[in-house]
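Dear colleague,

I am passing on the structure we talked about, which you will find just below.

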Amino acid sequence: MGKCFWAFLFIAFGFAPSITAEHNPRTERISGSAGDVLEDDPVGRLKVYVYELPSKYNKKILQKDPRCLSHMFAAEIFMHRFLLSSAVRTLNPEEADWFYTPIYATCDLTPTGLPLPFKSPRMVRSAIQLISSSWPYWNRTEGADHFFVVPHDFGACFHYQEEKAIERGILPILQRATLVQTFGQRNHVCLKEGSITIPPYAPPQKMQARQIPPETPRSIFVYFRGLFYDVNNDPEGGYYARGARAAVWENFKNNLLFDISTEHPTTYYEDMQRAIFCLCPLGWAPWSPRLVEAVVFGCIPVIIADDIVLPFADAIPWEEIGVFVAEEDVPKLDTILTSIPPEVILRKQRLLANPSMKRAMLFPQPALPGDAFHQILNGLARKLPHQKSIYLKPGKKILNWTAGPVGDLKPW
Amino acid sequence: MKLSALPQSYLNRRSNSFRSPGPLDSSSDSAVKSPATIFWLILHGLCCLISLVLGFRFSRLVFFFLFSTSSTNFYTAPFRSTAELAKTLDVHSVLSTKPVSNLELPLLNKTATNSRVVVGRHGIRIRPWPHPNPIEVMKAHKIIERVQKEQRLQFGVKDPSTIIVVTPTYVRTFQALHLTGVMHSLMLVPYDVVWILVEAGGISNETASLIAKSGLKTIHVGFNQRMPNSWDERNKLESKMRLRALRIVREKKLDGIVMFADDSNMHSMELFDEIQNVKWFGAVSVGILATLANTDESADQKKDKEENPRMPIQGPACNVSNMLAGWHTFNTLPFAGKSAVYIDDRATVLPRKLEWSGFVFNSRLLWKDGGDKPEWIKDIDMLHGDIESPLGLVKDPSVVEPLGSCGRQVLLWWLRVEARADSKFPPRWIIDPPLDITVPSKRTPWPDAPPELPANDKPVMGIQEPIVKHTTKTRTSRSKRRSKRKHETRTDTQASTRHSEQN
């Protein structure tokens, strides 16, 4: 009898903390399977083999320009570093599920810091030629179990201008590989089926350093800082952001609820923490680091980009966290935002306050459990096991190695 | 992508690439030019020349008239035939000078694989009345309020206590000015407020009507003594009035934090958040704005020599380990002999050593039955005389908790500004009936030009213009409301010019 009593007490105390933990009023766990997926641990579920490429593909490029470590395309470099020391790495390629090729394709920067994609196709081609001749793993699947990190504007289309990118299409030799990219738009040439969308790189330390006390009241209703008209390339408007940013400006420049301007304030991060909604409209490409910043600072992202595919869309329920506004509804943005019931807004803020949500958007060094690196690995793990059909008979070729513009075929 | 991080340069890069596509851009490397291309180039050059002459991109109008199929402002179906032409024409945007309105017809490029979203030029949608809708603005403010309330619930003070505010007041010209300020501050406080107003001279309709609009829970009591005219006496009476209020707290067993808000003080909102942290008896730093009254005459020459006189602070002083070590009080020596004695003197009004408003305490200290009261609190019924400051309520001043990061934050400001004792103001500040006959001020016993006024201060007359214009035959002079004689007030020159004669 006494033993039963003690056992009961023990069980009761065991359960009590878990019950109380769920009722934390500040954050809300993303319910359903999506919440668990964010906290999955990829270790043990997949094995990645990292090719040893000559340093001219990675280290030398980085040495030439260390700015690549801090711009928004830095994910490719940090992914390489993470994989080198990760527990999922295997040194035996025979047991690997996925193969990673470390190429820093976005590290050719102009003097002002913007990446030029003109040499990237040739670089990738040359790297693939190397791995297909030195290892047998590319040829046996023609890259179907390989993945590449291509964080540039339009992913593996390797151009910053959308029309040209569409014209080029995805690099033909990458047609069978899995692409890990920041660009995501449905029914677009540059988004292949099965690609993994990741957030752009945002410096975690800088954002951590600029936190303000959480009791500072959020007094800005809508916040945005950035260009509305790209005066150098599209002065009349209409091309840039498909006219959506210009529409935001023209409709709401007189509205005091909208704190929008093109200025570069030093208190940008602090201001975001004092805002309820942060606009994340498309620019020349639909993705932007604003989404990451909004999530980290607890500001509800208002996404104005038709057909956009957001990062880790299969793991994060973006509709519950952010507000999606169609580009044609931009003139009614104030009506849309003010008609959201306050309970819904509070729920979104609670979901955003969840630390696992914020971690999933960042690339911290050293890596933390649940961060973007792990989400990428989770995404890769979810695609396993590979179908038998990807393994080709020896000698069979599907990819056309000479496809694409003539300039791409030059050696690098 | 975030273009705020990619300034001019990126854009330059893009335009650079247009200008020098040869060696880099591998896509446009066709060396052979077909006749079609040449034809389009010539046509394009022609259009450019014409646009140069006309001053705007007339090609758009041409396409509008030739190719428009729908009458909407926005999308039209993509035109594959004109795709190349549209691309080449729009790429070189050097000639666009005319600002384009939202009715521009989009020229669309070829689309991607049956996507709803098309690349190319889009219209900029502007609604007919792009101004804020007041109902939506109100809704947005309600949302902001709700979010802030939630923030306070989560991060702010847990279990906030009621704030019991004690204010002694009396009817006078400046009462409306001061009391409105305090009232508005209290209306903004996010916690429950009980406002105890003790009025010298009994309850009056003036005060009652002022506070009626506040929406706060008020306790308005009268004190059967008129406010005397000297500052000393006034301070003494105010102390008595405050004790009266504390007795009310005891009688009604009000629970909360007692603070003293004199009606001419200014309070910051952080004060109310900070005093929630008091356990039993706390003190905050008060900024004294006493010296600002008389900065003319003597101070003018001296100002350049001495450094900026810092504002004196009254409040707790802490040592290095953030424990209460002493008190900052007001240094009255520089003002010896020059301070105001009567309420309407033009000299500096000095605070006392420690003002009541710098102290807050838990109302349970006043309750009769023992409970968990600490033993260092004196019973207010046992006080024989009046007390100068709330420190008289405690036996041992070292138990006082310093608030506001140990007195480093100044959370309220003390100031005493009053009009002359015999200054008149319209009851309830309503001019009713509208002035018809004006009485020259010569009848009043006030001197016209007080001897202390400095030379550069013109004797300003006609300070308070009655707003209601009245048809009067007497254009000699208007009744002057001499309520603000103590401070130099520059009225609009309009008023002084209208009164040519200075009596």
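Right-handed is used here for a crossover in which, with the strands pointing away from the viewer, the path from the first strand over the helix to the second runs clockwise; helices (H or I, at least four residues) and strands (E, at least two) are DSSP runs, numbered from the N terminus.

Residues are numbered from 1 along each chain as its sequence is written, while chains are lettered from A and ligands numbered from 1 in the order in which they are written. Because the model is predicted, local features need pLDDT of at least 70 and side-chain atom pairs count only at pLDDT 80 or more, whereas totals for chains, interfaces and linings use all residues, and side-chain values use heavy atoms, with hydrogens and water left out.

Strand 3 of chain A runs parallel to strand 2 (residues 98–100) of chain A, joined by two bridges (at least two DSSP bridges make a pair), and here Phe99(A) stands opposite His146(A). With strand 4 (residues 178–181) of chain A, strand 3 of chain A pairs in the parallel sense over four bridges, and Phe148(A) stands opposite Leu179(A).

**Aromatic rings**

Over all chains there are 32 aromatic pairs (rings of Phe, Tyr and Trp, the last by its six-membered ring, with centres within 6.5 Å; planes under 30 degrees apart are stacked, over 60 edge-to-face and the rest tilted). Tyr57(A) and Trp412(A) form a tilted pair, 5.4 Å centre to centre with 35° between the planes, and the two residues are 355 residues apart. Tyr57(A) is buried, at 2% relative accessible area, whereas Trp412(A) is partly exposed at 29%.

In chain B, Phe281(B) and Trp376(B) form an edge-to-face pair, 6.4 Å centre to centre with 80° between the planes. Phe281(B) and Trp376(B) are both buried, and they belong to one aromatic cluster that also includes Phe260(B) and Trp327(B).

Key. Buried means under 20% relative accessible area, exposed over 50%, partly exposed in between (1.4 Å probe, protein chains only).
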